[in-house]
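Please look over the structure below. The notes that follow go through a few of its features in turn.

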Amino acid sequence: MTSRRKFIQTSAVLGLGAPLLPGAAQAALPAAPKAGWKHWVWTNPNQKDTEAELATRYRKYYEAGVRGIFFEADSERHFRAAKAQKLEAHRWIWTMNRGEKSLLAAHPEWYAVSRKGESCATHPPYVDYYRWLCPSREEVKQYLEQDYAAALKKDYIDGIHLDYVRFCDVILPVNLWAKYGIVQTSELPEYDFCYCPVCKAAYKAEYGQDIDTVQYPEASPSWRAFRYQRVNEVVRRLTNVAKQYRKPITAAVFPTPDIAHRNVKQDWVNWNISGVCPMIYHGFYKENVTWIGQAVKEGVQALNGKFPLYAGLFLPDFKNDTEIQQGIENALRNGAAGVSLFGDVSDGALAALKTASAKSSQAK
């Protein structure tokens with residue numbers, strides 16, 4: 001697991017880390033089918049990897065149908081090794097959740113404030129690294145633009161991948177409630193953001209209403225829409241930066257438009273980016289593998305061809321490689337342009353990816 005999902009790591013006790021089939025790593029890898037699918041892998045570069053190991057791993061990825069990698073850290077060696085095997089190498093960066101000590105020390109005022117009146121700078125919700133920036137602040141948007149531009153200008157980086165491009169989870173996936181001792185059948189004040197002075201002033205200027213005078217702000221449609229637009233504007237600004245460098249911009253998002261709206265106030269259907277990877281982590285929502293297809297269908301229908309959707313799959317959620325294959329088939333047959341895999345991308349998982357792609361191609 002990588003730092004991208006520290007939050008997910010903590011839920012292993014809930015049974016999310018099911019092992020893959022024994023011996024799967026020894027399976028022979030046939031040639032990938034010639035189809036229109038574009039598959040991805042989320043990973044964090046390990047500096048202990050040798051050049052030979054990288055060449056072998058990335059060659060297997062390509063042969064299995066993977067066409068791009070989202071790298072959580074900047075490692076020129078890993079990026080170039082992937083590109084040498086005909087893979088796209090994209091830099092994946094956390095967006096609104098930014099807890100760097102230097103940033104916290106220099107600009108505590110940049111951080112989002114809960115309905116309870118507590119700042120993420122001093123009272124991070126759920127876990128210590130949950131330090132969310134306020135998307136209304138111009139200084140925050142400029143900071144993010146500069147940060148992403150610094151990555152995009154590097155010649156070995158093919159594109160940019162946004163993560164945590166949203167508000168804090170006002171509602172957690174149901175499988176995490178027991179872990180954190182929370183029942184979130186309603187929006188609790190300490191997890192509802194952002195109520196800082198800048199957000200309040202901007203809302204009043206736009207809607208003519210003081211949010212502090214609203215009895216149930218969590219039930220206000222205009223206040224909810226206002227916050228969707230706050231994040232949408234951040235994405236618009238970062239998309240313009242990517243366009244300046246003529247490189248694609250994608251994002252990891254919540255599994256369906258409805259869940260994204262409800263749980264994290266994220267409105268990804270209305271972005272204008274190069275593609276999305278909804279994190280359809282079925283175990284987190286206490287759903288079975290069939291739900292992957294339903295979630296993909298909802299997203300594809302909502303996008304209506306605006307840009308491609310790549311179904312994000314959390315490999316520890318699957319009981320075995322057969323289930324991985326079923327999950328991939330469910331995604332592809334319901335309109336996904338490919339899948340993005342997170343976890344142990346074993347030879348068995350790669351074989352499942354190839355088989356699912358081939359079968360789905362035949363079903364077209």
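1. Over the ring of which residue does the charged end of R67 sit? The ring is that of Y62, with the charged end 3.8 Å from the ring centre. A charge sits over a ring if NZ of Lys or CZ of Arg is within 6 Å of the ring centre and within 35 degrees of the ring normal.

2. This is a predicted model, in which local features need pLDDT of at least 70 and side-chain atom pairs count only at pLDDT 80 or more, while totals for chains, interfaces and linings use all residues. Residues are numbered from 1 along each chain as its sequence is written, and side-chain values use heavy atoms, leaving out hydrogens and water.

3. The structure holds 28 aromatic pairs (ring centres of Phe, Tyr or the six-membered ring of Trp within 6.5 Å; planes under 30 degrees apart are stacked, over 60 edge-to-face, the rest tilted). W40 and Y310 make an edge-to-face pair, 5.8 Å centre to centre with 70° between the planes.

4. W40 is buried, at 2% relative accessible area, and Y310 is buried at 8% (buried means under 20%, exposed over 50%, partly exposed in between, with a 1.4 Å probe and protein chains only).

5. W223 and F226 form a stacked pair, 5.4 Å centre to centre and 10° between the planes. Both lie in helix α8, three residues apart, and both are buried.

Note on methods
Helix = DSSP H or I, 4+ residues; strand = E, 2+ residues; numbered from the N terminus.
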